[in-house]
Structures are given as C-alpha cells and as structure tokens.
Amino acid sequence: MNLKPETDPEILRYHLALSQAPKVGPGIFKAILAYSGSAKAFFNLTKGRASKIPRVGEKLLAIQKQAESLLKSADDLINLSEKKGFKIISSTDPNFPSRLKMQEDGPVILFTQGNGELNFERSVGIVGTRSATTYGKSITRKIVDDLLPYQPVIVSGLAYGIDIEAHRAALQVGLPTIAVMGSPITQVYPAVHKKTAEQLQETGILMSEYAPGSTMVPGNFPARNRIIASLSDALIVVEAAERGGALITAEIAYSYNKDVFAVPGNLQSPFSEGCNHLIRKMKASIYTGPGDIAEALFWSKPGEEKIKKPELDLAGRDKEDTVILKLLLEKGESEIDQISYQTEIPLGMLSSRLLSLEFEGIVKSLPGKKFKLLV
C-alpha cells in the first residue's frame, strides 16, 4: 500500500481508544471530535463541558472514566497490528479513503491488510446473492472481464456467491480488488475464502471496521454494505432475491447518489426478483455492458481521447431552459416534481425540456424521476 506519512501515533492511539468505547458509533465519534477538537482533548474535558457535546448523554460521559483501560486496549491493538502485519488507519489520516470521508455514517477507524491503494482513480462495486446461479457467476466473470480496459478497482464483500466470484474474476484478469469484511481483519469469514483473501492482498486490500477480538454478529454484515456502497463509483447488482444484503447495498448506494445498475433476469427465477425490483422502482439502471458504466462516469479507455463533460453555456437559451439549468447548477440534481415546483414550469412542458437537454448531453435522467446536471 503506497501510504503517505503516517498520522501522529499519539493521535491514532486516542482515536482508536475512543472508537472502541461502548456506544460510540461514527456519528457520536465525529460529534465529539467536532466539539472537542481531538479525542485526547475529550478525555480531558470537564464533565460540564463534555455534557454539552451534541448526542452525548450522561451514560456516554462514563467513557472518560474508562480512559486508562481504553488506551490500554488501543495499545494492545497497535502492538497486534505490528505483529500480524495489518494497518490501523484513522479518518483524520491522509491515507484514509476520501470516498468514505464523504459519507456522514462512514467508519472512523479502518483495519486494512494488503498492498492496494485506498484512494484509487476508478472503482466498481459488484454484489449479489449468496446463492448464485451458474448464470449469475458467468455474468459476474463477464462483467469484470469487460471492465478490464477501464482498469477499475473491483469492490465486494467476500461473501459466498456473487461477491467471491467478483473477487476471483478480478484476480484472474489482473484487476485489484477490495474485500470489505463483516468480520475482524484477522478472521476471514467464511473461512473457505481465506485463500482468495490472501491472494487479493498482493494488489488489493482486505478491509474491516471491526477490531480484532471483537464479537462477530449478524448486524456487522448489513452495516459493512455502506462501506461497499461508499467505495464504489458505480454499483452493479448481478443477482438478488427480493430481500437480501445486495438490495441493502443498492439502496444505500442509491441514497448516496451513486450510479446503480442491475442485471435484468429471468422472471421465473427468485434470484432475479431483486434486480427486476430495482429496475422497476427506477432505483437502478439496466446493465447491458461496460459502456453503461463508462457513459455514466465519463470513463475512457487508455489511449482513447478523454471524455469531456459538456460545458454549460446559457447564452442564447430561452427563459425556461435557463431557469432549469440554473436550478440544477445550484442543486446538482433534483426530482422532476421539485423542478416543476421551483421553476413554475408545468410538468408536461418540463418533461419535454428535460428530454431535449438530455439529448444535448447536458442533463441526465436518474432512477426515481430525478435529473442531474452533467457539467
């Protein structure tokens, strides 16, 4: 892993200690740091000042009294990382993934192992059912193979089915891959994927927000899906049942305004229900090939002329187009009903205008009747 200079070890020590305190999740951790200035400063705050921190109640103030034991646990983890060869990275570290910093619910401490980059140019997340069909596995391999010319990092969750197929396909074609784990970094789950986990570390990364020694609980796996969604510039759901982890990841990615794609499937297959549902609800676009990703993210292949975003020029445009574009310039993206309300343009006329702007390549329609500016 090509790391920048490490954060002050003392800062990491206190951040790690605070992150391991009971009931301190990412939101509370960030509130404490925003108010106190640092984790170390929080442990030294008076009870009166600490009680004023938003979202910190009387029960959480007890963690100040646990400072000695929490710091001892942090020291033990740091020593273990040196012994086992994994890294501990705080959200204030320059090496911390910038994509995760953008999300309010993103992790504050990461445990990583491998030689890949944490801040990469391009990425595609690939997720799906644990009970993948032969067709699903085949499509996963084809997707990864077709994406090879664009050189993205492949992100997935190391689970049975589509996830492990995505990792193995990436290794086969020589693409780096990141496995976001729902278990501690020292405990590969499921154990049968340990060999793949070891292989992907050569050019990729194992990643977990769960400290070694912590209890692995079922809730870890849905929670880690937000990290997969955050790290992925675009997310592809290959196969998914009507309910399952892959749909959770897709819903999160959609809420993060990521480009979500779903592979349409056989109407008689239960493992197509999730993908077809996402498409029907306009929360995912149909995936037909790598060109869908390239077009959405303005990717070009090595050697090709770089795809440029169209420039916004309001000169010569009529009043309606001008107010639409100015609104999208301010909002970035908006639902058609909101655009109509704020611009006072009737929906019928607005639909026609947006379609015309989409043909020009200035505006793009998104799932959920949303539109965004492409400049």
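Colleague: Which residue is the bridge partner of Glu333 in E12?

Modeller: The partner is Lys372. The model is a predicted one.

Colleague: What makes E10 and E12 a pair of strands?

Modeller: Pairing requires at least two bridges found by DSSP. E10 and E12 (residues 370–373) have 3 bridges in the antiparallel sense, so they count as paired.

Colleague: Why are E10 and E11 called edge strands?

Modeller: In the open sheet of 3 strands, the order is E10-E12-E11, with antiparallel pairing. E10 (333–335) and E11 (363–366) each pair on one side only. On average, neighbouring strands of this sheet are turned by 25° against each other, direction ignored.

Colleague: What makes you say that helix H16 packs on the sheet?

Modeller: H16 (residues 336–343) touches E10 and E12, and a contact here means heavy atoms within 4.5 Å. The direction of H16 makes about 95° with that of E10.

Colleague: How do you know that strand E3 is mostly covered?

Modeller: A residue is buried when its relative accessible area is under 20%. In E3 (residues 123–127), 5 of 5 residues are buried. Side chains of a regular strand alternate between the two faces of the sheet. On one side of E3 lie Ser123, Gly125 and Val127, on the other Val124 and Ile126, and all are buried; both faces are therefore covered.

Colleague: What joins E3 to strand E4, and what joins E3 to strand E7?

Modeller: E3 and E4 (residues 153–156) run parallel and are joined by 3 bridges. Val124 stands opposite Ile154 in E4. The chain passes from E3 through helix H8 (residues 134–147) to E4 in a right-handed β-α-β crossover. E3 and E7 (residues 234–237) also run parallel, joined by 4 bridges, and there Val124 faces Ala234.

Colleague: Why is that crossover called right-handed?

Modeller: The term applies when, with the strands pointing away from the viewer, the path from the first strand over the helix to the second runs clockwise. The crossover from E3 through H8 to E4 is right-handed, so its path runs clockwise in that view.

Colleague: What makes the backbone at Pro190 worth a remark?

Modeller: Most peptide bonds are trans. The bond between Tyr189 and Pro190 is cis, with omega about -5°. Pro190 is found in the loop between strand E5 (177–180) and helix H10 (194–200).

Colleague: Why is Met282 called partly exposed?

Modeller: Met282 has a relative accessible area of 37%, which again falls between 20% and 50%. Met282 also has a positive phi, about 60°, although it is not a glycine. Met282 lies in the loop between helix H13 (273–280) and strand E9 (285–286).

Colleague: How do you know that the chain is as compact as a globular protein of its length?

Modeller: The chain has 17 helices and 12 strands. Its radius of gyration is 23 Å, close to the 21 Å of the globule rule for 375 residues, so it is as compact as a globular protein of that length. Of the 375 residues, 52% count as buried.

Note on methods: Residues numbered from 1 in each chain as written. Predicted model: local features only at pLDDT ≥ 70, side-chain atom pairs only at ≥ 80, totals over all residues. Heavy atoms only, no water. Buried < 20%, exposed > 50% of the residue type's maximum accessible area, 1.4 Å probe, protein only. Helix = DSSP H or I, 4+ residues; strand = E, 2+ residues; numbered from the N terminus. Rg over C-alpha atoms; globule rule 2.2 N^0.38 Å. Axes fitted to C-alpha atoms, helices over the stretch in contact; angles between N-to-C directions.
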